[in-house]
Amino acid sequence: QAARAQASIFIRGFAGGSLRATVAQVQVLIGQRQVAIQIDPQAFDRFAIERVPSFVLVRDGMRPVSCASGTCAPPEAYLRTIGDVSIDYALELMQRRAPQFAKDADGFLRRIKGQGN
């Protein structure tokens, strides 16, 4: 679903402290799919992620702001949900809970369903 949605997957760091081990584990999961994967421990702070899997929907045009721990996302600029669910389920849940993000979620949902942008 991440490949179809053109969503990015963020991981906090290297598996076992090894880039090679991380690449091997990720390759098993994604196979030949084209998925954007970024190692970005600061993203976990930026979006207050304490448990995984977490799904973050960032409002289009969001600008980070300075905060005590570095660059943060203002609370009104993103939604986060946690759970072992599919991406489409997480996006639909976000749409129901925060209709002001419906348009932001819709683009990802349309791509997952093969309907383009």
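## Around helix H4 and beyond

The buried residues of H4 are covered by, among others, helix H1 (2–5), strand E3 (54–58), strand E6 (78–82) and helix H5 (102–112). Keep in mind that you're looking at a predicted model.

**The buried side of H4**

- Helix H4 runs through residues 87–97, and its buried residues are Ile87, Ala90, Leu91, Leu93 and Met94.
- Those five span an arc of only 160° around the axis, so they end up on the same side of H4.

- How many aromatic pairs does the count come to? The count comes to one.
- That pair is made by phenylalanine 47 and tyrosine 78, arranged edge-to-face, with 4.9 Å centre to centre and 75° between the planes.
- Those two values are just what you need, since a pair of aromatic rings is described by the distance of the centres and the angle of the planes.
- The pair ties together distant parts of the chain: phenylalanine 47 belongs to the loop between helix H3 (41–46) and E3, while tyrosine 78 belongs to strand E6, 31 residues apart.
- Are the two partners buried or exposed? Phenylalanine 47 has a relative accessible area of 10%, so it is buried, and tyrosine 78, at 13% relative accessibility, counts as buried too.
- The reasoning rests on a cut-off: buried means under 20% relative accessible area.

**Charges over rings**

- Arginine 59 has its charged end over the ring of phenylalanine 101, 4.2 Å from the centre of that ring.
- Arginine 111 has its charged end over the ring of phenylalanine 108, and here the distance from the ring centre is 4.8 Å.

**The largest pocket**

- The largest pocket holds about 1300 Å³ of space.
- Its lining is made up of 40 residues, and the closest to the pocket's centre are Ala7, Ser8, Ile9, Phe10 and Ser54.
- Which elements supply at least two residues each to this lining? They are H1, strand E1 (8–11), helix H2 (19–30), H3, E3, H4 and H5.
- If you wonder how empty space is found at all, rolling a probe the size of a water molecule over the atoms shows where it is left.

**Arginine 20, out in the open**

- You'll find arginine 20 in helix H2.
- Its relative accessible area is 74%, so arginine 20 is exposed.
- Between the C-alpha atoms of arginine 20 and glycine 107 there are 34 Å, and the two residues are 87 apart along the chain.

- Alanine 48 has a positive phi of about 55°, although it isn't a glycine.
- With 39% relative accessibility, alanine 48 counts as partly exposed.
- Glutamine 6 also isn't a glycine, yet its phi is positive, near 60°.
- Glutamine 6 lies in the loop between H1 and E1, and at 57% relative accessibility it counts as exposed.

Conventions. Residues numbered from 1 in each chain as written. Predicted model: local features only at pLDDT ≥ 70, side-chain atom pairs only at ≥ 80, totals over all residues. Heavy atoms only, no water. Buried < 20%, exposed > 50% of the residue type's maximum accessible area, 1.4 Å probe, protein only. Helix = DSSP H or I, 4+ residues; strand = E, 2+ residues; numbered from the N terminus. Arc of directions from axis to C-beta. Contact = heavy atoms within 4.5 Å. Phe/Tyr/Trp six-rings, centres within 6.5 Å; stacked < 30°, edge-to-face > 60°. Lys NZ or Arg CZ within 6 Å of the ring centre and 35° of its normal. 1 Å grid on protein atoms, 1.4 Å probe; cavity = no way out; pocket = protein on both sides within 12 Å on 5 of 7 lines; lining within 4 Å. Points joined across faces, edges and corners; volume = space filled by probe spheres on them.
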